Structure formats: structure tokens, C-alpha cells
Amino acid sequence: MSLRTLRPVLTVVPLLLLVALLALPVPAGDGEGSGSTPADAFSALVVGCALVHVVRTARRPLTRTAAVLFGLPVVGIAAAACASSSAATGLTGAARYLQVFVLVPAAAVVLVRDARQFRLLAWAFVALALFQGTLGVHQNLTGTGASYTGEDIRAVGTFGPTDVMGMATVVSYGLVAALALAFRPHAPRQRAAALTCAGLLTVPLALSFSRGAWIATAAAVGTLLLLAGARYALRTALVAVAAAVVLVAGLGVGSQLLQDRLSSITQVTDAPDQSVTDRYAMWAASVDMWRDRPVTGVGLKGFPEHRDGHASLALSSGSDTAGAGSEFRRQPLLSPHNMYLLILSEQGLLGLLTLAGGWLALLACAVRGWARVRVPRGRARDPGGPSSADVARGGPSSADVDCALVACGLLVWQLVDFMYADIGGPSTVLTAVALGACAWWGLRGPDAGAAR
């Protein structure tokens, strides 16, 4: 393959390598997102590559809207850093937030140049999900996973028992991306491959026993089917249900445990387990912290310090982790497992409006992009793809529909999942890349490349 052939995808290579690094095993003790993983270190190189690309091309790197959405969080982050109990804590927390929500996403917007590169990155999500999911299924079948109800059967991939949401996040991203890619018109091979991958990924997602990931995936899939249209939605839903029945129920993979876990979703108020009780207690503590300092919060990384002074007696001392090659350990409760409440408690209303408000605006931009490329009812579809006139004036182009669905699906998944989880652990870097890829779609300028 010649350099001329590779040149159109060279700019996205740093992002692909960053995604690939998440397949490496996580060293013991890094489950709390210490920032010492290879992916975290490489993310700085990705930002550097984006800066070099901007200098070489001499183009405006971001549109005005993108600059505003990436710039506003800096205000809330800086204010919360100043409110931290120590300068070191504030700087560490600010560096993490800037990495995940500003620098890496902005770098992704710069490095992704057209729809072909966007699809390549989406397929990288799928490939990583298949790798981690395969390892997770093997862990469940061989009893080498993380501990769950006294058995080492919880699928966690390479992330270990201290980051049980890591594999669930990766697999969910891959499943949502694969399902969205299946809606690319006039691409039967991609559609078949994507549907197969989406069906296979239902197994490790189920074996992750992550209720939050299940709920978020259901919301994202529902959104995709709604945006794709009734005919495609019904066909895809039937395929997905059939795959889930065959792969999970038909094979009997943890069927009783899955049934118990599913039923526990509806029992969070009647007979909650200790994990749900702890979560409710930490949510209430977060709100109390915000009431004490409503504008700037208690400061970045201040939740653990103020937790015991605001939590009820129902809160336990920590969660038990074991299995997947690690010994039993008591994991401290360092966050409320709700991103919105974490921001509210540590950054106050200022941080919540600038960060969460930006995410909602990004979703609105992504949906607007979907409306721009979808084919309206009654418009004849060109079997050969979009016309040159359509592409030139930015009109309806069905060839871009899968990109729009990937962006909308991943954003919906993330915004729903943030109700049950927050940033932390090596998989957080993938969240930054996903936000950046979705931002490219929603905030791309008029000179962005068309689909190929």
C-alpha cells in the first residue's frame, strides 16, 4: 500500500493508536485513574500531534461554536481548582478534567478530517470492544473474572476488578457504534459485519453485570432506531432480539444471575442491595455539599474529603473487590457514581452549567447534523449514493447517515450513563476520544470532508 493511499487516514492514526492502547492490561493499583497508564500518557502525544497538524495546515482548528463549547468548561474547572483544599489537589483535578473534556476531544476534532476517518475510528471502537468482550466472556466461562456474588465470573476484560465499568463502557461503545454503522445505505458488507458485531457484543455486555451500562445502552439503541426510521428500526430490532436470545438465553450464559440482576433494577426503592444504598447515600451527600457551596462547590477532588461529614450512617466503608488476578481489597468510595452530582458537589452550578450544558449543546448539534443528512420522506434514494450537487451544498446525503447515528448514539449513551457513573479509570480516555469524535460530527465546519 503506497503512502499516497495512506495519506488520507494518517491524521487519525494517533487516535487509533490511543484506542489500541486500551487493550493493554491495566497494572495493579491503577484502577482509580492515577494517570500513569500508557493510554493517559499517549493522550498527551495525541494533543501534540493535533497542535503540529494545526501549525502545518495553517487552518483555523475549531469553529466558533466548538471554541465556545470547549472553552466554557475551562472557566468552571479553573474556579473549582481555586476552591480546592490544596493547590496540588486542584492542579491534579484540573489536569484530569482538561484532559478528558477539553484537550483530547479538541484534538480529535482537529485530527478527524472526513467521514471516512470518522468511520475508521468507529470501527476501532468496535474492534476494541470485540477484544475486551472476548476476554470478558472467557473470564466468565473459566471463572477468572472479577468477584460477583462470591464467584469470579464478572467480565471485566483487561481493566481488572477495581474498574468494573471499564469493559462495560468499551463494549457498550462498540455495540452502539456497530449498530449505527449497520445503517449505512448501499453498503451490504458493512451492514452485515456491523450487525454481526453488535449481536456478538450483547454477550459480554450482559456478563459485565453493569445495570448502568444496560440502561444507557437501551436508551442509545432506542434513540438509534427512532432516528433510523420505522422500517429499518423494526428490521434491526428483530435481528438484535434474535441474536440476544440465541447468544444469551439459548446458550444459558449466566441466565439466572442475569435475571436476578435485571430484576434488581426495579427493586432499587423496595429492597435495594448495599451498592444501591451506598449510591443513594453518596448522592444525598453530594447535594448537601452543593448546598454548602452552591457556586463553585467544594473544589476538585474534594468529594472524598467532605463525604463523611455529609453522608448518612447507611453508607458503608467501601466496596469489596477481588478476582481477575487481584487479591481481595476494600475499595474506598471516592465518588458518588453520578457524574452530574460529582460536578455539582465539586464545581457547583458554574461547573455543571459549563460542562453538562456543553454536552447537551453538543447533542443538539449532533441531532441537527443528522437532520441535515437524512433523506426526507418521499425523496427518492439514489442507488449510486449522494449526488455531487447534494454534497456541494451540504444537502441531504444518505451516505452520511451512519456517521450521524454513531455520534447521536454515543452521546445519548454517555449522557445516560453519567447518571450512574463518573470519570475514573483507564477507560476514561476512551470517553474523551468518543466525545471528540462526536464533536467533530456536530461541530464540523463547512470545509469538513464529505462521505466516501
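Let's start with Leu363. Is this residue buried or exposed? Leu363 is buried, because its relative accessible area is 18%, and the cut-off for buried is under 20%. Keep in mind that this is a predicted model.

Where does Leu363 sit? It lies in helix 14, which covers residues 339-373. Now its neighbours. Leaving aside residues up to four places away in sequence, Leu363 touches Cys408, Leu411, Val412 and Leu415. There is also Gly442. That residue is 79 positions from Leu363 along the chain, yet their C-alpha atoms are separated by 7.6 Å.

Helix 16 runs over residues 401-417, and helix 9 over residues 211-228. Packed helix pairs are described by the angle and the distance between their axes. Here the axes come within 8 Å and cross at roughly 150°. So helix 9 is roughly antiparallel to helix 16. The crossing is right-handed.

Who makes the contact? On helix 9, the residues include Gly212, Ala216, Ala220 and Leu227. On helix 16, they include Cys408, Gly409, Val412 and Trp413. The contact residues of this pair split into 13 nonpolar, 4 polar and 1 charged.

Now zoom out. The protein has 17 helices and 4 strands. Of its 452 residues, 53% are buried. The accessible surface comes to about 19500 Å², and carbon and sulfur atoms account for 64% of that.

Last point: contacts along the sequence. Take contacts between residues at least 6 apart. Of these, 79% join residues at least 24 apart.

Methods. Residues are numbered from 1 along each chain as its sequence is written. This is a predicted model: local features need pLDDT of at least 70, side-chain atom pairs count only at pLDDT 80 or more; totals for chains, interfaces and linings use all residues. Side-chain values use heavy atoms; hydrogens and water are left out. Axes are lines fitted to C-alpha atoms, for helices over the stretch in contact, and angles run from 0 to 180 degrees between N-to-C directions. Helices (H or I, at least four residues) and strands (E, at least two) are DSSP runs, numbered from the N terminus. Angles under 35 degrees count as roughly parallel, over 145 as roughly antiparallel, 65 to 115 as roughly perpendicular and the rest as oblique. A crossing is left-handed if the near helix is turned anticlockwise from the far one by less than a right angle, and right-handed if clockwise. Contact means heavy atoms within 4.5 Å. Ala, Val, Leu, Ile, Met, Phe, Trp, Tyr, Cys and Pro count as nonpolar, Asp, Glu, Lys and Arg as charged, and the others, Gly among them, as polar. Buried means under 20% relative accessible area, exposed over 50%, partly exposed in between (1.4 Å probe, protein chains only). Accessible areas come from the Shrake-Rupley method with a 1.4 Å probe; for residues, only the protein chains shown count as cover.
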